[in-house]
Structure formats: structure tokens, C-alpha cells
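Please read them with the model open.

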There are 2 protein chains.
Amino acid sequence: MAYGKQADQDSSKAAIRALSDNFGEKCSTTLVMREQHGRDESSFTVPPPDAVVFAESTQDVVDVLKVCATYSVPVIPFGVGSSLEGHLLAVHGGISLDVSRMNKILAIHAEDLTVTVQPGVTRKALNEAIKHTGLFFPIDPGADASLGGMTATRASGTNAVRYGTMRENVLALEVVTANGEIIRTGTRAKKSSAGYDLTRLMVGSEGTLGVITEITLKIYPLPEAISAAVCSFPNIEAAVRTTIQIIQMGIPIARVELIDVNTVRMLNKYAKLNLHEGAMLLMEFHGSPTAVKEQAESVQGISAEHQGQAFEWATTPEERTRLWTARHNAYFAGVQSRPGCKVISTDTCVPISRLADCLLESVAEVDASGIPYFLVGHVGDGNFHFGYLLDPNVPAERDTAEGLNHKLVRRALSMQGTCTGEHGVGLHKMSFLIEETGAGAVNIMRIIKKALDPQGIMNPGKIFAA
Amino acid sequence: MAYGKQADQDSSKAAIRALSDNFGEKCSTTLVMREQHGRDESSFTVPPPDAVVFAESTQDVVDVLKVCATYSVPVIPFGVGSSLEGHLLAVHGGISLDVSRMNKILAIHAEDLTVTVQPGVTRKALNEAIKHTGLFFPIDPGADASLGGMTATRASGTNAVRYGTMRENVLALEVVTANGEIIRTGTRAKKSSAGYDLTRLMVGSEGTLGVITEITLKIYPLPEAISAAVCSFPNIEAAVRTTIQIIQMGIPIARVELIDVNTVRMLNKYAKLNLHEGAMLLMEFHGSPTAVKEQAESVQGISAEHQGQAFEWATTPEERTRLWTARHNAYFAGVQSRPGCKVISTDTCVPISRLADCLLESVAEVDASGIPYFLVGHVGDGNFHFGYLLDPNVPAERDTAEGLNHKLVRRALSMQGTCTGEHGVGLHKMSFLIEETGAGAVNIMRIIKKALDPQGIMNPGKIFAA
């Protein structure tokens, strides 16, 4: 396969023959298996991969890459298939390399607050496995994603305002490079100045530079106390102003999520909640009982200054779950509000000082378009998601939604923000990436890709065109 | 110049002619200026650079790089010269590119907790410039280093246990690449999944991939309250055990520094302090008055469990300064204890669970060698520095110290640690880097270097041999 072209059929067949010889039943070419590995949560449809191989060890990954390098056939790493931007799709054909069976917790170092896992371990499985230590892994992108996938897309979610993203929480990796070599990108030391930061080069590289086979992560003490709160505001601006003041005062809030009034109405109607109709903030505080109480009181005061009302507190797990129901159900309430709809999710992130402007202008635009939507935001980080609810039988709606997303991204970029806060570039944001960083930076990315994967076999056609 | 060889004299002369034509007095070839730029805080002596150019703008940097690319002459970025591992030394000749005049604060975005600066701004100048906003930049490597240099070496220091290192605190960069192109590596968004993390690839790249011309940094609210404490322990192990327990309980301590008993004795003798003779922890807490008080009380309790004594508190700035005098004077007390000595500083970092073992074995080794030393540690991060105090007239001492450092690094690596926590690789740690990461990872670094700087003109011979 020439760099950037479709794998030729003869090479692909030869590679699959070699893989079948080597992997037996762990190599599958059935249509059902290929189709399962040829779609993700994105709205793209492309032909499925030519085969699926289930790796059970780093050596399996090495073996697959050596075969694929020999025949110049693309390799697409696959975790649980929860990515949102078409990362898993076989746009240039090739082999889906499923690492979900590499699901061992390799080491728990409780004293050091680190854990080393294989890439197929999901975040919930990790938390289950370390529960007995009194520690937890905070990154929560919603889906029970694989930690390999979360690393590859630089995922984050609701806890990032306090605990950071995968960027801040991956300490070291084992990676198999395009030619089948195993490298280690770091140690378990908490900090290091030892050469180029290969760990962070791999975090967010979406499978285009190598296959992640081990991940050493930071973990955290479970907070002694957790309390949650919800508060309703007259408008988005008041909710955002409240958030800015919380952050500026250095209150170490663990979560602060926004739901707009339109979404609150959906929740009331479809999830049978009885929420005050307004822009809503959902918050969580972690710390000692005293610290949590103090944080909560400060935030209640700040909220009141911004006309916050219907303030509700929860400290027990059951009450907290009840309060957070609104956030957890936002997606489903949105989908139920328009039966049979297809959701397209946006993912811009802007400096928090521009967040209210960005949201208000974008909400006005969506409202004017007539496309139904829900809106949720990790407002402490300036990251938010519109979920456009589209009738799949009306192609014009998709065009309208794409147009809205284009305007939204341009607005975010004009405000010194990014086209993707946490979902990644995949197929969907390739042109936005160039607008965001400029052709110069993308060219540097291409040069790095070309240097580390000269045949272009690692998940080609993602982040930038192959 | 072929990759990795000394710049040939004709090329160098031609480049200097072109630079003089372009830069006039901003290009200097006087011996005194070259010598000033040909040494740093390391103990290496090599010939000075062939010329020094003072850049006053990004365009100046572009112009220098274009000339140097044309003539294949090395370029060595220079901030204030406080690096410790020979980063600035002209081992392959070439031009020292002094960016200290690029010292403008370009933007303060107080609401977003970000600031954008030129690389010649020092950390103290930044803090002075943002004082009026109630915000501060916490990374404190000791020296009043330039922020460009701190970025290039992935610096950290005493506050890293709470606020992270330059790795966590650089949001985005403007970089001039080896061929004189200007690229931007990120936006002001707090998080992003937009392609390869070029920001963190540049952080810690020691001037070998490009010249940093703008830095966007995170800043933080000045804590409402700060309190400091010192406590004396019967031995290093008790001090380290105390630290581990503090971290494990999730107490957000801002600083926790160790001074060993030998160094305490030096401080008592040469800095006229009256400290309890034992292993000493110095600590600082940041937060609301209530939170700080609570943290401090918890820590006092933990210390007592580990036979901590002579516990002292300070909350006013004056009292805090007095308590921290010991830490600030450790270097000078060490130097004064052996007049005329030369200091070689080590910089290993290990997982905190191995810290006591690593320290105890290493202290025993230095004691047995007869080389005088001081020992300070950022123990919350597992990072510590021996300062070997060498008689420059006794070459054998240098060999002994190098031997001690070799053993120390090997010990740290065997404990899953790193050869450099915060000083960087430079010239001194090149072979250790290979031991630490393996040849495979260093080969990936070389491939990246070669791809981004095919002529090898960017600070050649640092991190790995040119």
C-alpha cells in the first residue's frame, strides 16, 4: 500500500492468511465480527475492516504489526468501540486489532498512587479492582471506555476540572511501534525531565503512531467526604459567572456541570424530574468533611450573588445519585424527546471568560435553525456539548447540523478555543484541526507520523488525511 | 556541517557575517560575550560559541534560524544561563541565541487563569507583573530562571507536589522550527484533544527541536491563607513515612521538603541556625484559613505518629520566611562548609514507596566515600538532590563523585525511577537516558529530532549524541 491509498486486495489477503496461520480463531473474517469492529458511536458509515484480530498479549500485538508491516496493510487499534469521531473506521481497509482481551491489572502500587494496566481494562473495571485500596481513578468520560482508548483520544469528562485529563494522568506507556518494536515511554517516577515526552506524544495520537499495550496511571485517595449540589439560574450567563468566580477563588470544586433550560425541560418531560426551569449547575465537592462543608457554603454564597435559586444539597450517596440523575439522563431525555433520532455531538472548549458569549450565540443559532438539541457542559473547563437530535430520514437536517457545528467551531476558534475538548479529531475534525493550529503545526504532526510510521499503516486517515 | 560533526569554520564565518549584516550590534563575537554564553551552572568546560545574537522578537529568531539553516551552523537558545546539565554549551560550536531581551508579558487573562509571555521573562518578573491580579505562577526551581529555559528543561521545584511541573502548566507555545517557520502548538483552551501534543513534545526538548518564542502558562489564585511548618525526625525513614502518609490521605500539601541531619548540622554551623539535629521536614499549606488549619493539624498528628518533634508553625510572612531559611540556605551552608569547593548536584526521582530505601542506601554510600555533601529533597514527589562538595584541585574527588552519582542513578532506575527529576539530560545524563528508557525509546527521540531538524542545527549533542 502506498502511503495514503487503499490497501491493495492481494496484500490484504496475504496478510490475513499470515494472521490466520498465526492466530487461528483469534483472527476472524466473518462479516458480523468485521461489522461490529467497523462502526463506533460516530455517524460515519464506511466498509468494515478486512479482518479482526484479538490480541491477548503485547507479543500478539508485535506479531500483528510485523505481519501488517510486511504487507503494508493498515492496523486500527480497537478497545470497546465507544469513540465518537470515527477513530475506529477502516477508511483505508486493513485489520482491526482488538485489545479488549488484554484486560489485566498488572500492578497496583497503592503507596505511590499508581496503577499499571493493559489497554483493554475499562475505567469501571479499574475502579472495581482498586476499591479495596481506598483509591480511585477519577477520569470519567461517561461511557465505560477502555483505558487504552481513553489514552489514545486524550479523554476527560466531568472530573477533569479537579483531576485533569488523560494528559495529566498517564505516567508512562508501553507502546508497540509501527515496525513491531516494544518501547517504554517513561518510568513510575512522578516527574521526570528525561528527554522528549513520548508519553504525551502518544496520549491523544489516536492509534496513528503505535499501539498502546500498557498504561501506568495516577490514582487518587477516595475523598473522605463528598457532597453534591444543584442550583438553578435565571440564564446561562449567571451560571457561567458563578463558575468563573468559583474557579477564581481557588475553590477546588471536583465537578461543575451545566444543563441549559431547554435540556431541563426535556428532563422534566421525559425523565419525569421536577427541576426548576432555568440554567442548572450540578456540582460536587471532594475533601475532608470540614473542607467540603466550607467549599459548599462558599459556593452557595457565590450562587446567591448571581440569582441562583432552588439550591439543593446532598451528602449521602443516595441523595447524590438523585441529584446527579439530571446530568446522567440528559442524553437519554434528549433522545427520547425525538423518538428514532440520531445524535450528533459537538465538543468545543473555550477559555472560560468567553464561555458565556460562546454559549449564548450558539444557543441562539441552534434555536433559530429549528433543530432540536440538548446542551450539557463541563463548564469549569470551558468545554460543552450540543447534542443535535436529527431525523435520520431528513438528510437536510444533517446538513443543517453540520453547518451549525461549523459555525460553533469557528466561533470557539475565534475565542482562542479548540475544536475538540475531549473527543479527538478522528475523521470529523480534520479540517478544523488545520484551522485551529494552522497548516504549520499539522505539517509538523505529519512529519512526525511519517518518521515513526513510514509505511503509513497505523490507523491511516485519522487526525489528518493519509 | 554534517549531522553530528563540528561546524566547519568557513560556514561559521559566513553565517556570522550574514548575522552581523542583519543584526548589527545585536550580534557579538567578543570573547567576553561568547564566554558569558559558553558556560552554565554545570561543571563542563568547552569552547564558547562562535557568536552571540540577541533576539528581540520572534522575527529575529526566524532570521537567525534561516541564516543558520542556510549555513548549517548550530543554534543554542540561551535564557539566563541557570541550567545545570550543560544545556547551553557549544559542544559543536555555533551561535548562542540569547532571548533574554524577549521579556514582555504579552497578555494576562486573569479570569481564565492564563498568561502569555515571551521566553526571556523570568519567573520572578512574571510574579511581579501579575501581583495586582491576586494570581501567581507557582513553579519555583530555586534560581530566577527564564520561563523559556524552564519550559525547555521541564523544570519544577518545591511547589510541584501540589501544582505540578512545567509539563502540567504550559498550555501552548509559539515555536520557531529549525527551518525558520513559526508554529503554534495549542490554544488557550484548558483542555484539548486536537491532534498530537506538540506543546508537551517541546516542553523538555532542551532547545533541540526549535526555539520557544511565546509561552502560555496556567496561573493560580494566591491562597487566602498560607502556613508553614518544620518538624524534626529521628531519621530519614520516619520523615519519608510521614510524607507518604500525608500524600496517601489526600492532604493537598503545597510543599514538603526534606533536609538530612548532615545538612542540618551545616546549617547550624555556617548559617547560624539553631535547628534540632535530625532529619527535617519543611512544609507549606495553601488554602482557606480553615482548610490550612485543618491540614496543618492532620500533618502534626501524622508527624507525631512517626516520632516527629520540635514542631514549629508559622502563619505570618515573616515567620514563614524564618522557617524556610533553612531550606533556602542549604546550598550556601553546604558551599561554605568547604570554602572554594565546586558543587555537583544529583537529580534522581523515584516512586515515593522506594524513597526511604533509595536515600538510606545512597547516604551510606556517600558517607563511606568521605566526600562531603548536602542533601535536600522534594520528597512529596520522590525527587532529591545530593550536592557533592568537591575540592576542584583534587581530580580524584570528581571521579569519586561521578562514581557515586552513577550508583545513585542505577539505584533509582532499579526502583522504577528516573535519572533526572527536573534538571534535564543536557550533556551529563545522555548515557543514563539510554539506561532508563532503553535504546528503543531514545531511537524514537532521534527519529523525531532527525525529522524536525534534518540538518541537526538545533542545540546538537544534547539529550543524545549528535
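The points below go from overall confidence to the chain contact, and then to single residues.

1. **Confidence.** This is a predicted model. It scores ipTM 0.96 and pTM 0.97. Chain A has a mean pLDDT of 95. In that chain, 98% of the residues reach 70 or more.

2. **Domains of chain A.** Chain A splits into three parts: domain 1 covers 9-100, domain 2 covers 105-221 and domain 3 covers 225-414. Take the centres of domain 1 and domain 3 of chain A over C-alpha atoms, and they are 37 Å apart.

3. **The contact between chains.** How many residues of chain A are in contact with chain B? The count is 78 residues of chain A, against 77 residues of chain B. On the chain A side, the elements giving two or more residues include the helices α7 (166-169), α8 (198-202), α9 (236-248) and α11 (289-305). The strands β9 (182-184) and β11 (220-221) are on that list too. So are α15 (430-437) and α16 (439-452) of chain A. Which element gives the most to this side? It is α16(A), with 9 residues. By class, the chain A side has 33 nonpolar, 29 polar and 16 charged residues.

4. **A helix pair in chain B.** Look at α9 (residues 236-248) and α11 (residues 289-305) of chain B. Their axes lie 9 Å apart, and the packing angle is about 140 degrees. The crossing of α9(B) past α11(B) is right-handed. From α9(B) come Thr242(B), Gln245(B) and Ile246(B). They meet Val299(B), Ile302(B) and Ser303(B) of α11(B). The residues of this contact are 3 nonpolar and 3 polar, with no charged ones.

5. **Asp112(B).** This residue sits in the loop between β5 (105-109) and β6 (114-117) of chain B. Is Asp112(B) buried or exposed? Asp112(B) counts as buried because it has 26 C-beta neighbours inside 10 Å. Setting aside residues up to four places away in sequence, Asp112(B) touches Pro351(A), Ile352(A) and Ser353(A) in chain A, and Arg188(B) in its own chain. Lys462(B) is another matter: 350 residues separate it from Asp112(B) along the chain, and their C-alpha atoms are separated by 36 Å.

6. **Ser337(A).** Find this serine in helix α12 (residues 317-337) of chain A. Ser337(A) has 20 C-beta neighbours inside 10 Å, so it counts as buried. Its contacts, not counting residues up to four places away in sequence, are Met266(A), Tyr270(A), Pro372(A) and Leu389(A). Leu389(A) is 52 residues from Ser337(A) along the chain, with 8.7 Å between the C-alpha atoms.

7. **Arg411(A).** Helix α14 (residues 395-414) of chain A holds this arginine. Arg411(A) is partly exposed because 19 other C-beta atoms lie within 10 Å. Beyond its neighbours within four places in sequence, Arg411(A) is in contact with Cys358(A), Glu361(A) and Ser362(A). From C-alpha to C-alpha, Arg411(A) and Cys358(A) are 6.9 Å apart, though 53 residues apart in sequence.

8. **Ile434(A).** This isoleucine belongs to helix α15 of chain A. Helix α15 is one of the elements giving two or more residues to the side of chain A that touches chain B. Ile434(A) has 18 C-beta neighbours inside 10 Å and so counts as partly exposed. Leaving out residues up to four places away in sequence, Ile434(A) touches Ala439(A) and Val442(A). Gln248(A) is 186 residues from Ile434(A) in sequence and 32 Å away in space, C-alpha to C-alpha.

9. **Positive phi values in chain B.** Ala310(B) has phi near 55 degrees, a positive value in a residue other than glycine. Ala310(B) lies in strand β15 (residues 309-314) of chain B. Ala310(B) is partly exposed because 13 other C-beta atoms lie within 10 Å. Ile463(B) is placed in the segment after α16 (439-452) of chain B. Ile463(B) has 29 other C-beta atoms within 10 Å, so it is buried.

Key
Residues numbered from 1 in each chain as written. Chains lettered and ligands numbered in written order. Predicted model: local features only at pLDDT ≥ 70, side-chain atom pairs only at ≥ 80, totals over all residues. Axes fitted to C-alpha atoms, helices over the stretch in contact; angles between N-to-C directions. Helix = DSSP H or I, 4+ residues; strand = E, 2+ residues; numbered from the N terminus. Left-handed = near helix turned anticlockwise from the far one by under 90°. Contact = placed C-beta atoms within 7 Å. Nonpolar A, V, L, I, M, F, W, Y, C, P; charged D, E, K, R; others polar. Domains from an automatic or database assignment. pLDDT = per-residue confidence, 0-100. Buried ≥ 20, exposed ≤ 12 C-beta atoms within 10 Å, placed from the backbone.
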